[in-house]
Amino acid sequence: MCLIVSDDNKSCLTRDAHLSKICLEILTHLTYFNNQAQIYYFLNGIGINRLVKLVSLFWLNVLYLQKLKLCSMKKRALITGVTGQDGAYLSEYLLSKNYEVHGIKRRASSFNTERIDHIYQDPHMQDRDFILHYGDLTDSMNITSVIQEVQPDEIYNLAAMSHVKVSFDTPEYTANADGLGTLRILEAVRLLGLTRKTRIYQASTSELYGLVQEIPQSERTPFYPRSPYAVAKLYGYWITVNYREAYGMHASNGILFNHESPIRGETFVTRKITMALSRIALGMQDLLYLGNMSSRRDWGHAKDYIRAMHLILQQEKPDDYVIATGVTTSIRDFVRMAGTYIGLEVSFEGTGPEEKGYISDLDEKVFTSRIGEASLELVREKVQRHKAIVAVDPQYFRPTEVDLLQGNPEKARKVLGWQPEYDLSALVADMMESDILLMKKEHFLQEGGYRIKSYLE
């Protein structure tokens, strides 16, 4: 008696027709078996003689081992900052590519996994492919332990104290997490003997360019950081290059320019704008306070940028890449674009700390289609009475400003084949649509007498 199993485990042939039928039924159920005991109980349940049972069990064990081998062939990724915007999108993307994804999150007294709740898997489940670990980049023993346990093929270091303005208030912590945190990962990989196995992506930033030395900025543009955040990231950049050259690590930097999305942190300026204009349109907020509205940034969609992260680690040789759209826009114009999406034409008067934004025109058809009619009269009143909806608060000025950032993504396009799918208009529409729905829900709860979250800072 002989049994031939094809490479793809989809067919089996035998000289015994009865055994062939049994094997086909077994293969149909193979994906449901998690251990050999389950295989044996299944064979008992279908009632076959001892000889056929032994032969079947032998070949089914072979198939089971092949199943385990196939499962073990999944790439394993470790993501720091998994609960953040980029970590959430990257986790979802890697899972779609059949990765086993491990994420590091900091312990908090309240749940902080909202961005990844839709892909969260109960720890009691078997064969999970999304697994969370408690950790912190300021704890070298913890980071080393997690890397040793996970044995990752790829590490994406996305965790950071990433709010530029706040880094001036917490410079020591920023240096510890953003600078030394990168070193801790690199050194853990080296000490654990994983330099040939594990590829490392370091999330660098366009803030490295700071007081820009050329326009646009490329991989060859000199750095001139202008904040504790940028200085800490500068160390992270160069220590990544150093370990790559010193120890032959596949370690790369992605110099990502500003990238936003509907799940961007609420204190970042783009999300602050889209939430505030949605609230103003619904009558839930009167004024949006901003800092330097003349600052210009190169904004893209985070979904595009996480694709670039993955592409960087798929290259044969490690290298550093600028990821950007190549288009720069002022904060003032971003406000205008967000207003236009809901039918508000926002105009600005004054300069410096005295600058204010007003609704100079209202497209009622667009407004009612996207916001509704309930708050239309309130907005008409703001137009008629020339009431400001945007003002400047000097507390949001940075001690050292970065006036303009504009990336040159030519290398990424040629080497990685990367192209952004979203332009700025599509990004603004995506963010506004999401925040309008969010604020309508909040407005409904508020009208019902329920306490809602404060989005003011």
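This is a predicted model: local features need pLDDT of at least 70, side-chain atom pairs count only at pLDDT 80 or more; totals for chains, interfaces and linings use all residues.
I shall begin with strand 8, which comprises residues 250-256. Seven of its seven residues are buried, and strand 8 is therefore largely enclosed by the rest of the structure. In a regular strand, side chains alternate between the two faces of the sheet. Here, both faces are covered: His250, Ser252, Gly254 and Leu256 are buried on one side, and Ala251, Asn253 and Ile255 are buried on the other.

Which strands pair with strand 8? One is strand 7, residues 199-205, which pairs with strand 8 in the parallel sense over seven bridges. Within that pairing, Thr205 has Leu256 of strand 8 as its bridge partner. From strand 7 the chain passes through helix 8, residues 228-247, to reach strand 8, and this β-α-β crossover is right-handed. Strand 13, residues 321-323, also pairs with strand 8 in the parallel sense, over three bridges. There, the bridge partner of Gly254 is Tyr321 in strand 13.

Four strands form it in the order 10-17-16-15, with mixed pairing. Its edge strands are strand 10 (288-290) and strand 15 (344-349), each of which pairs on one side only. From one strand to the next, the twist averages 30°. Strand 15 and strand 16 (residues 356-362) run antiparallel and are joined by six bridges; Leu344 has Leu362 of strand 16 as its bridge partner.

Finally, the helices on this sheet. Helix 9, residues 269-281, packs on the sheet and touches strand 10 and strand 17 (388-392), its direction making about 160° with that of strand 10. Helix 11, residues 331-341, lies across strand 10, strand 15 and strand 17, and runs at about 155° to strand 15.

Methods. Residues are numbered from 1 along each chain as its sequence is written. Side-chain values use heavy atoms; hydrogens and water are left out. Buried means under 20% relative accessible area, exposed over 50%, partly exposed in between (1.4 Å probe, protein chains only). Helices (H or I, at least four residues) and strands (E, at least two) are DSSP runs, numbered from the N terminus. Two strands pair if DSSP finds at least two bridges between them. A crossover is right-handed if, with the strands pointing away from the viewer, the path from the first strand over the helix to the second runs clockwise. Axes are lines fitted to C-alpha atoms, for helices over the stretch in contact, and angles run from 0 to 180 degrees between N-to-C directions. Contact means heavy atoms within 4.5 Å.
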